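Please read it beside the sequence and the structure shown here.

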Amino acid sequence: MKNLLRNITAVLDALAEEVGNRKCPTAKGLYSFLATYRFISTLHLQADVLPHLARLSKLFQKDDVMFLVIM
């Protein structure tokens, strides 16, 4: 998520170029989906939340987890 967030401008530029030069319908669909406020805001949210969820998930996968002691 962080990589996509960091490179979203380049991805959108490349898709716009594909639409302009080759009239690619797949690129047009992707561009229209990725360029929305809803997608960009969700991308920011996931980039902030997913690292914390991954850490929590790894903690719960340990064999010696004591739920009463977890901080």
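## Basis of the description

Helices are DSSP runs of H or I with at least four residues, strands are runs of E with at least two, and both are numbered from the N terminus. The model is a predicted one, in which local features need pLDDT of at least 70 and side-chain atom pairs count only at pLDDT 80 or more, while totals for chains, interfaces and linings use all residues. Residues are numbered from 1 along each chain as its sequence is written, and side-chain values use heavy atoms, with hydrogens and water left out.

## The nonpolar core

A residue is called buried under 20% relative accessible area, exposed over 50%, and partly exposed in between, with a 1.4 Å probe and protein chains only. A nonpolar core is then a set of buried Ala, Val, Leu, Ile, Met, Phe, Trp, Tyr and Cys residues joined through side-chain atoms within 4.5 Å. The largest such core consists of seven residues, namely Ile8, Leu12, Leu15, Ala27, Leu34, Phe39 and Leu43. Two or more of these residues come from each of α2 (8-22), α3 (25-34) and α4 (37-60), and α2 gives the most, with three residues.

Phe39, a member of this core, is buried because its relative accessible area is 17%. Where contact means heavy atoms within 4.5 Å, Phe39 touches Leu4, Ile8, Phe33 and Leu34, if residues up to four places away in sequence are not counted.

The expected span of a helix is 1.5 Å times one less than its number of residues. For the 15 residues of α2 this should give 21 Å, and the end C-alpha atoms of α2 are 21 Å apart, so the two values agree. The buried residues of α2 are Ile8, Leu12 and Leu15. They cover an arc of only 65 degrees around the axis, and therefore lie on the same side of α2; the arc is that of the directions from the helix axis to the C-beta atoms. What covers these buried residues includes α1 (2-6), α3 and α4.

On the face of α2 turned away from its buried side are the exposed residues Thr9, Asp13, Glu17, Asn21 and Arg22. Ala16, also found in α2, counts as partly exposed because its relative accessibility is 36%.

Side chains of opposite charge can pair when their charged atoms come close. With a salt bridge taken as a side-chain nitrogen of Lys or Arg within 4 Å of a carboxyl oxygen of Asp or Glu, the structure holds one. The side chains of Arg22 and Glu18 form this bridge, at 2.7 Å from N to O. Arg22 and Glu18 are four residues apart in helix α2, and therefore separated by about one helical turn. Arg22 counts as exposed at 61% relative accessibility, whereas Glu18, with a relative accessible area of 29%, is partly exposed.

α2 is followed by Lys23, which is placed in the loop between α2 and α3. Phi of Lys23 is near 55 degrees, a positive value in a residue other than glycine. Lys23 counts as exposed, at 63% relative accessibility.

## The aromatic pair

Rings of Phe, Tyr and Trp (its six-membered ring) pair if their centres lie within 6.5 Å, and planes under 30 degrees apart count as stacked, over 60 as edge-to-face and the rest as tilted. By this rule there is one aromatic pair. It is formed by Phe33 and Phe39 and is tilted, with 5.4 Å centre to centre and 55 degrees between the planes. Phe33 counts as exposed at 51% relative accessibility, whereas Phe39 is buried at 17%.

Pro51 touches Lys2 and Gln46, not counting residues up to four places away in sequence. From Pro51 to Tyr37 the C-alpha separation is 22 Å, and the two are 14 residues apart in sequence.

Leu56 is likewise found in helix α4, and at 36% relative accessibility Leu56 counts as partly exposed. Leu56 and Asn21 are 35 residues apart in sequence and lie 45 Å apart in space, C-alpha to C-alpha.
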